[in-house]
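Hi,

Here is the structure I promised to pass on. Have a look at it first, and then read on for what turned up.

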Amino acid sequence: MAAKQGERAPDFELTATDGTRVALRDLRGSPVILAFYPADWSPVCSDQMALYNEVLPEFQRYGARMLGISVDSRWCHSAFAENRHLGFPLLADFEPKGEVAKAFGVYREADGTTERALVVIDAEGVIRWQYISPIDVNPGADGILEALEALTEGATT
Amino acid sequence: MSRHAQVTRLTVPVSDGDHSIGPIDAPVTLVEYGDYQCPYCGRAFPIVQEVRRRLGDQLRFVFRNFPLTQIHEHAEHAAEVAEAAAAQGKFWPTHDWLFRHQFALDDEALLEGAQELGLDVERVRRELADSTHRARVREDFLSGIKSGVNGTPTFYINGIRHDADYGLETLIAAIEAAAGSGLQDTLKRRE
């Protein structure tokens, strides 16, 4: 059963670009943005990860941690991250392939890749917003910023 | 998880502060978020010019800055030079010059361009050094983010994000659809 909005996000632990292991449970205390995307190396000026890299300071204003996730391997991720100067980790959902994507209900069996999906998790580990974009449309960053804004409003009222 | 394929809208409306060419009351407003160093924007430049030529006074065109600074090292300064030129009343010639000179946009080339365009070069140099126009460029960028800009170039036709490709025929067809039938005659005459 895939994770739903308002429920606790399934925990996971994956290898990041620099070889370290990143566990969702260790990120409690800050909002987390998970950006599932089909593959590294899409055309540069419309690349979702390159865009999030530009918007990173805005995400950080909310204290949020950005994590990119695809089924590409750690080495593919590190070459891609270096080429695009990415300032946030890419996680390799590589072995068993797509396991984390499946837990979030965003694995595409037919393609062997993940959906283009965004998940915003609050500081307590609860899913507060999720969105699946048409696979060929970069969803942009507006939805993420609105979700982060809503978290802040929820906290102050 | 729910699936969406919704219309994305321009959240910061076109205003007097924008760089705009064409009548304010034109039936169609085309907004581009672009990056002067982006090769795709470079390819879109002559297409936008042709769209402007064909539509004439039926179109208002607006350009907003969306520099992808982490992948294009000269994009920020190029955008700031365009803004510096705007302060001297020469935004559009500078905008065009930048897209025609994508092959060299380092500071030296930008200042040579400023010279060629008849700008007060010392003022441009000073404003670049002082980051005078950085806030304006960032403001454009943030308005784009809020409006769902997802790469460069991103176009909005009458406030709706254009998600199809930006080939000449596709753009013209989308503009026609947005404007209704009144545009057909203008287009026929200018083809």
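At what angle do helix 2 of chain B and helix 5 of chain B pack, and how far apart are their axes? Before the answer, one caution: this is a predicted model, so please read everything below with that in mind.

The angle is about 130 degrees, and the axes of helix 2 and helix 5 (residues 121–129) of chain B are 10 Å apart. If you want to find the spot, look for B:His77, B:Glu80, B:Val81 and B:Ala84 on helix 2 of chain B, which meet B:Val124, B:Glu127 and B:Leu128 on helix 5 of chain B. Sorted by class, that contact has 4 nonpolar, 1 polar and 2 charged residues.

Helix 2 of chain B (residues 75–87) also has a meeting with helix 4 of chain B (residues 107–116): their axes come within 10 Å and cross at roughly 20 degrees. Helix 2 and helix 4 of chain B are therefore roughly parallel to each other. Here too the crossing is right-handed. On the helix 2 side of chain B you'll see B:His77, B:Ala78 and B:Val81, and they meet B:Asp107, B:Leu110 and B:Ala114 in helix 4 of chain B. The residues of this contact split into 4 nonpolar, 1 polar and 1 charged.

Now for the core. The largest nonpolar core has 87 residues, and A:Ile33, A:Leu34, A:Ala35, B:Ala78 and B:Val81 have the most contacts inside it. Helix 2 of chain B gives the most to this core, with 7 residues.

As for how the chains meet, the contact takes 26 residues from chain A and 20 residues from chain B. The chain B side that touches chain A is made up of 8 nonpolar, 8 polar and 4 charged residues.

A few loops are worth a look too. B:Gly22 sits in the loop between strand 1 (19–21) and strand 2 (28–34) of chain B. Is B:Gly22 buried or partly exposed? With 18 other C-beta atoms within 10 Å, B:Gly22 is partly exposed. Setting aside neighbours within four places in sequence, its contacts are B:Asp57, B:Leu59, B:Arg60 and B:Phe61.

Two residues other than glycine have a positive phi. For B:Ser131, phi is near 55 degrees; B:Ser131 is in the loop between helix 5 and helix 6 of chain B and is exposed, with 12 other C-beta atoms within 10 Å. For B:Asn158, phi is near 45 degrees; B:Asn158 lies in the loop between strand 4 and strand 5 (160–161) of chain B and counts as partly exposed, with 17 C-beta neighbours inside 10 Å.

Last, the cis peptide bonds. One joins A:Glu95 and A:Pro96, with omega about -10 degrees, and A:Pro96 is in the loop between strand 5 (90–92) and helix 3 (99–103) of chain A. Another joins B:Thr152 and B:Pro153, with omega about -5 degrees; B:Pro153 is in the loop between helix 6 (134–146) and strand 4 (154–157) of chain B.

Cheers

Definitions and conventions:
Residues numbered from 1 in each chain as written. Chains lettered and ligands numbered in written order. Predicted model: local features only at pLDDT ≥ 70, side-chain atom pairs only at ≥ 80, totals over all residues. Axes fitted to C-alpha atoms, helices over the stretch in contact; angles between N-to-C directions. Helix = DSSP H or I, 4+ residues; strand = E, 2+ residues; numbered from the N terminus. Parallel < 35°, antiparallel > 145°, perpendicular 65-115°, else oblique. Left-handed = near helix turned anticlockwise from the far one by under 90°. Contact = placed C-beta atoms within 7 Å. Nonpolar A, V, L, I, M, F, W, Y, C, P; charged D, E, K, R; others polar. Core = buried A, V, L, I, M, F, W, Y, C linked by C-beta atoms within 7 Å. Buried ≥ 20, exposed ≤ 12 C-beta atoms within 10 Å, placed from the backbone.
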